[in-house]
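Hello,

Here is the structure I promised to pass on to you. Please open it alongside this message, and then read on for what turned up.

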Amino acid sequence: MTDDRTLPTPPAGRPSDTRPPTTGPAASAGRPAPLSATPPALRRPTAPPRHPTDQRRPDLLAGRITRGGDGPCYGLVTDDGREYALHGTGMGAFATGTTVLVTVGPADPAATCGPGTPLGIVRISVVR
């Protein structure tokens with residue numbers, strides 16, 4: 001904090017106070033004027049939101065591998081208990097119980113990968 005007595009004397013014709021001028025009723029008290037005289041009106045919600053408030057990508061799944069191995073078929077269960085039958089060639093080996101993040105696409109109609117909603121794997125990575 002600086003003391004006005006330690007500041008150099010300003011040139012003639014310039015004010016010594018370098019603070020911006022304030023206006024309004026609060027200015028007389030040495031404080032800046034408030035941005036708004038009235039606070040915004042906040043209403044209580046009358047019901048829960050109609051749509052999810054957290055936007056989630058529909059092509060992204062996170063869960064645990066239930067049927068692993070070196071592919072091309074994998075089983076996946078998400079935290080909400082949904083089971084998926086995933087198919088993707090050349091995706092690598094995943095052990096049962098591994099937590100993964102999967103970008104999915106349309107299922108290959110020729111692939112039969114067991115129980116669950118069939119989906120194709122676009123990308124899969126281990127969550128650490």
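First, the ground rules. This is a predicted model, in which local features need pLDDT of at least 70 and side-chain atom pairs count only at pLDDT 80 or more, while totals for chains, interfaces and linings use all residues. Residues are numbered from 1 along each chain as its sequence is written, and side-chain values use heavy atoms, with hydrogens and water left out.

The fold: five strands close into a barrel, in the order β1-β2-β3-β5-β4, with mixed pairing. Strands here are DSSP runs of E with at least two residues, numbered from the N terminus, and two of them pair if DSSP finds at least two bridges between them. From one strand to the next, the twist averages 55° (axes are lines fitted to C-alpha atoms, and angles run from 0 to 180 degrees between N-to-C directions). Strands β3 (residues 83–87) and β5 (residues 117–126) run parallel and are joined by four bridges. Leu86 has Leu119 in β5 as its bridge partner.

Buried means under 20% relative accessible area, exposed over 50%, and partly exposed in between (1.4 Å probe, protein chains only).

How many disulfides does a search of the whole structure find? There is one (a pair of cysteine sulfur atoms within 2.5 Å), and it joins Cys73 to Cys113, S to S 2.0 Å. Cys73 lies in strand β2 and Cys113 in the loop between β4 (99–105) and β5, so the pair ties together parts that are 40 residues apart in sequence. The S-S torsion is about -55°, so this disulfide is left-handed. Cys113 is buried at 9% relative accessibility, whereas Cys73 is partly exposed at 26%.

Finally, Thr78 sits in strand β2 (residues 73–78) and is buried, with a relative accessible area of 10%. Leaving aside residues up to four places away in sequence, Thr78 touches Leu61, Ala62, Gly63 and Tyr84 (contact means heavy atoms within 4.5 Å).

Best wishes
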